[in-house]
Amino acid sequence: MSEIAKIVSETTQKLIGLAESSLSDVIKKNGEGAKVGFEGTAFYLPLAYSLLGLEVKDLKGAKDIIAQARLLAEGKPVSAGLVIPYLDGLLSKGLATLLVEELLAALLHATQDGYLGFVPDTVLRSLGVQLVDGRIAGIAVIIGCAKDSSTAVSIIRGFQEKNIVSLLVGNQGQRNIRDQLIEENVELGLDNYIVPLGQDELSSIYAVNFAIRAALTFGGYKGGQWNGVLKYTQERVPAFVVVLGKLDEVIVTTGLGVLNLGFPIITDMDAPQLGKIETTKYEALVTEKDYDKLVARCIEMRGIKIKVSHLPIPVLYGPAFEGERVRRENLKIEFGSKYSCAFEYLVSRPMEMVDDGKVELIGQDIGEAGGKAMPLGIYVEVASRNFNKDFEPILERQIHRYINEAQGVMHMGQREMIWVRISQEAFDKGFRLKHFGVLIHAMLHKDFGAIVDKVQVTLFTKEEDVKKHLKGAMDAFVARDERLKDLTDEKVNTFYSCALCQSFAPNHICIITPERLGLCGAYSWLDAKAAYEITPTGGNQPIKKGECTDEVLGQWKNINDFIHEKSNKTISEVSMYSMLVSPQSSCGCFECIVALIPEAAGVMVVNRDYAGTTPLGMTFTQLAGSVGGGVQTPGFIGVGKLYISSKKFISAEGGLARIVWMPKDLKDAMRPRIEARAKALGLEDFCDKIADETTAATLEELLEFLKTKSHPALGMPALI
Ligand code: SF4
Ligand code: ZN
């Protein structure tokens with residue numbers, strides 16, 4: 001170990017020196033007041049902020065990082081009291097290295113084409129729900145280059161199949177794993193669970209300062225709470241590091257830094273092995289030269305639980321293939337959209353009418369007919385002794401995901417508006433229409449076994465059959481929508497809780513009502529009800545409303561008691577209909593933020609995808625930085641998109657009429673729903689009275705715009 005200790009000490013000093021000289025060069029050039037930081041985060045330089053509590057905004061402030069890193073490397077006390085005694089101080093030195101690497105990246109780094117570089121807060125938020133519901137099981141930080149392209153593909157496919165996102169970093173002799181994957185025509189991108197961060201080793205810091213922000217975003221930790229922050233990443237961020245083909249002193253020293261976060265290291269190189277240490281769950285560093293075993297070894301070392309679906313279909317299957325597109329160049333056949341008539345429909349039947357596992361194709365299969373498009377009807381019949389008809393739409397909605405998760409198959413839309421594509425590659429591997437039935441049958445049993453006993457699938461490809469069955473389905477869709485319209489908070493006596501996000505935000509609990517869905521947008525009241533019936537001891541629990549203590553705010557005694565207990569006694573009351581008085585807390589993965597604009601007696605709603613600034617002078621990311629971690633923040637709430645057009649949307653404060661600003665894309669996407677709700681309220685042309693970034697970029701412009709449009713909020717009482 002003494003050999004390593006020497007290397008680590010020298011490398012740490014070298015990097016601190018490099019950061020210091022780089023900083024003084026930049027100061028000479030731009031002056032001490034010049035800004036430093038990354039785009040897309042509310043957490044300054046995230047490592048310096050979370051571990052040292054430094055809010056570094058300019059080059060002058062950056063000097064603090066160097067001073068503190070130096071103390072840390074020498075084992076002397078630093079301002080936030082950060083001390084890591086493990087491995088004879090080597091972990092401290094590693095941490096000091098990470099801190100200056102982050103600064104170096106902020107000072108010097110230019111993002112290369114084809115690489116993401118710094119990972120913005122919004123990406124982290126969007127991954128939140130996927131991590132809690134298991135669609136993402138873990139994160140692999142892969143440094144270097146595999147021994148050849150086919151090995152690279154097999155490692156990455158192995159991770160994809162296990163729902164693990166790969167972050168690619170670094171190079172070896174100018175080549176890196178991204179190049180290898182491109183050579184093999186692997187589709188990259190977050191949707192495919194493969195994200196190239198950068199070509200040099202310094203980019204590994206982007207994986208680190210991404211992971212550490214989970215503690216700030218979901219865990220509710222504040223800057224400088226290093227102890228909690230590190231414990232959080234150790235226990236709750238399922239990441240690990242894979243070092244391929246190269247192990248130099250910078251990688252070793254950085255690796256020791258990363259061990260502080262609890263992420264073990266697996267390499268195909270010879271290296272001194274390191275068993276379990278205080279910060280890791282199992283071994284800290286192991287060599288694995290057998291590439292066939294590498295993926296399994298990583299999963300085992302990080303203690304990641306994997307849910308895999310092995311289906312009898314000829315292509316790979318899993319959430320990592322959900323976002324993959326099938327382009328025209330590799331298209332074998334498509335269905336729906338403007339190319340043909342197509343639909344999908346799921347209906348429940350009496351037990352004796354359904355033949356479980358039966359998959360029937362009526363009409364020609366792919367490959368039998370010429371042309372690039374065919375009609376398609378996907379007709380799913382389910383049966384169960386205790387099936388609730390209300391669950392039909394929930395099961396039907398899964399068809400989208402189930403089909404999409406097959407490699408080489410793309411699915412969009414729902415009901416009579418589907419668009420499905422099958423790639424030439426999938427066809428060549430033997431994928432045929434019956435496989436839709438096979439996978440729908442298998443997955444419905446797997447995910448919904450508790451409420452579904454039998455599943456039968458019929459696929460129609462003759463135009464007249466598709467049209468005939470579509471007609472019956474359309475009648476059912478209309479009836480279903482009518483039933484859903486009737487589902488109001490008043491008409492039910494039970495709400496549901498959702499505690500899924502507690503694995504990231506331990507004090508957060510969502511209350512889901514028929515008229516207010518979960519803030520991630522992924523769970524409606526019916527979803528929660530179905531989830532409860534499937535897993536009665538799971539994250540969704542029914543709560544009898546009981547006595548209403550405040551109708552306007554939307555408070556019930558039982559709901560408050562429940563929240564108090566499940567929030568670990570941090571929250572004692574929650575108003576379902578107010579953003580000002582005891583509003584619902586946020587975990588961090590909200591689709592939108594509703595924020596008060598007192599000057600306009602209104603609110604703005606900003607969605608996660610909006611990258612620009614708002615009239616408050618802040619971006620979504622900056623706003624989101626102060627909402628989350630399971631804390632109530634009066635004046636700010638995280639909400640699911642669909643809540644905007646709900647009758648209960650901040651009804652305690654006056655409801656929809658309070659919305660004065662929204663990004664244009666969100667407004668356009670929500671327009672039909674907002675207009676319908678506005679009409680019910682007697683508001684005319686309401687959408688056009690809501691300002692957006694094209695009509696009001698600043699608060700002054702907003703107030704001016706509202707005046708010219710006679711926005712109803714101006715006539716409402718002040719909000720504070
Ligand atoms: Fe998390 Fe709430 Fe969504 Fe449940 S409903 S997954 S707790 S955000
Ligand atoms: Zn959440």
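Is cysteine 501 buried or exposed? Cysteine 501 is buried, at a relative accessible area of 10%; buried here means under 20%, exposed over 50%, and partly exposed in between, with a 1.4 Å probe and protein chains only.

Before going on, a word on conventions. This is a predicted model, in which local features need pLDDT of at least 70 and side-chain atom pairs count only at pLDDT 80 or more, while totals for chains, interfaces and linings use all residues. Residues are numbered from 1 along each chain as its sequence is written, chains are lettered from A and ligands numbered from 1 in the order in which they are written, and side-chain values use heavy atoms, with hydrogens and water left out.

Now the metal site. Cys501, Cys587 and Cys589 each give an SG atom to the zinc ion, ligand 2, at 2.0 to 2.2 Å. Donors are N, O and S atoms within 2.8 Å of the metal (3.2 Å for Na, K and Ca); water is not among the atoms, so sites may look incomplete. Along the chain, the zinc donors have the spacing C-x85-C-x1-C. Cysteine 501 sits in the loop between strands S15 (494-498) and S16 (510-512), and cysteine 589 in the loop between helix H17 (557-566) and strand S20 (592-597), so this pair, 88 residues apart, links distant parts of the chain. Helices (H or I, at least four residues) and strands (E, at least two) are DSSP runs, numbered from the N terminus. Cysteine 589 is also buried, at 1%.

Next, salt bridges. Side chains of opposite charge can pair when their charged atoms come close. The criterion is a side-chain nitrogen of Lys or Arg within 4 Å of a carboxyl oxygen of Asp or Glu, and the whole structure has 36 such bridges.

Two examples lie within helices. In helix H1 (residues 2-30), lysine 6 and glutamate 10 are four residues apart, about one turn, and their closest N and O atoms are 3.8 Å apart. Lysine 6 is exposed at 52%; glutamate 10 is partly exposed at 46%. In helix H15 (residues 463-485), lysine 485 and glutamate 482 are three residues apart and meet at 3.3 Å, N to O.

Where do aspartate 692 and lysine 667 lie? Their salt bridge has its closest N and O atoms 3.0 Å apart. Aspartate 692 is in the loop between helices H20 (686-689) and H21 (699-708), and lysine 667 in helix H19 (residues 664-680), so the bridge ties together parts 25 residues apart in sequence. Aspartate 692 is buried at 3%, and lysine 667 is buried at 5%.
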